Amino acid sequence: MDSPVAQPLVTCLRRSERNSWLRCTLRRSQQEAVASSMMTATSDNFFNAYAIFLGASLAQMGFVTGLPQLFGAISQLLSVWLASHFSRRTFIVFCAAFQACVVLAMGALAAFGPEHAVWIFIALAVGYHGFINLIQPHWRAWMGSIVPERRRGAFFAARTRLTMGASLSVFFIGGGILTLTDSMQMAWLGFSLLFSIAAMGRFVSAWLLLQMHDPDPREPKQRGVFLQTIGHFREAWKDKTFRQYSLFVASMQGMVAISAPFFAVYMLEGLKFTYLEFVFASVASIATQFVTLRFWGRFSDQFGNRLVMIITSCMIPSLPLMWLFSDNYLYILAIQAFSGLAWSGFTLSTANYLYDIRPFRSDFATYAALQAALSAACVFVGAILGGIIASHAADFLVWSGWNSVLSSPIFVVFLVSTVLRALVTLWFIPRSVEPKVRPRPQLMQLIFRIRGFNAISGVSLDWLTVVKRRKQ
């Protein structure tokens, strides 16, 4: 029988042991943020540019955008089933290591230039996004289990600062390397170096993940996960408000995906931007999103998410249209800044709107997963459609006589995307409702990180809210 003195001593020792592995794990996680950002900054951000360098046709650019998004969504569903068969940390580490090998293969592709290099790159991009989406749900669960609730705000804020600093630094360095090597007619060397840096960062990331402690090493096995998921999806789809919201968001993303791959084509091939100019144009959107997220957050708190969704969905159709009026570099930077303003509000309001319209006490993950899967399918269809339109745009301009008005065939894609975005907005506005805002925590802090290029807005940010309870 334990003595009354021994029990507090054992508790104290256990607490000291927990504090020790917690400090080590959190420190490793911050280091892992820097290492993994080397990968995202040097691979995600240059995927479209790399496909153009490999000689991708306009039709293939649609596959570069659409296929990875589709398989990424499928991978998230597979990850739920796979998690119950492996240790969580082991599963994440192996996925990260395999992803590093995929990125290394992308670098080798630039050096050796094999036949059908573009299709090989598309297959590698599918694997790249597949591994990211296999890891993502379990990484979030892992972080949720180890970061104390009272420290989450400070921890993720610090992690985000490290990620953003490293990402922007590597992004600019990458643009400089590509510009330098391209001026020497050796762009292949620049891309090989970039993807080698990305692979090295991911290998280091996998090693750091292996050093971290996981207090809940294995997810419990569940039978019939897929059937249960499909059943939950069917129940969620019966909700009319959610159904219209999901169709709106997915359709908008699909219509945007029609033109999304071709902004890089237009900048690098049509306007002959250097890679460094391309980077600065991208950063203009990133910086604006970063600055305006708080503004949209306060605006939606005061006037509602429906109004923000309507305002930004009316702004989004004009974005590709603006590219037709001038090729001045400062004008392009202004367009990108305006794009960041529109997309930050749209992303924030649609996420909050989904939270508000789901039935009370229902599983938010089910609704988010269904909406994400539908969006991925629409992005795939939109990107492929955009590639087909772009492939026939030059012939259409000659046939219609518009080649004297539109200086680039890509402008046809921009115009089609503009019209379809506007139609989606016009369909949704009369059907949108202002949901009754459920009691929810007061927004304390917005935390976000640069995720890289994305099929929708070109540049995207991951963000999460850190909250505190309202005072009653």
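A residue is called buried when its relative accessible area is under 20%, exposed when it is over 50%, and partly exposed in between, with a 1.4 Å probe and protein chains only. The model is predicted, so that local features need pLDDT of at least 70 and side-chain atom pairs count only at pLDDT 80 or more, while totals for chains, interfaces and linings use all residues. Residues are numbered from 1 along each chain as its sequence is written, and side-chain values use heavy atoms, with hydrogens and water left out.

Among the cysteines, Cys24 counts as partly exposed because its relative accessibility is 26%, whereas Cys95, with a relative accessible area of 5%, is buried. When a disulfide is taken as a pair of cysteine sulfur atoms within 2.5 Å, the count comes to zero.

Tyr245 lies in helix H9, which spans residues 240-259, helices being DSSP runs of H or I with at least four residues, numbered from the N terminus. Because its relative accessibility is 2%, Tyr245 counts as buried. Apart from neighbours within four places in sequence, Tyr245 is in contact (heavy atoms within 4.5 Å) with Met309, Thr350, Tyr353, Leu354, Ile357, Gln371 and Phe428.

Key:
Helices (H or I, at least four residues) and strands (E, at least two) are DSSP runs, numbered from the N terminus.
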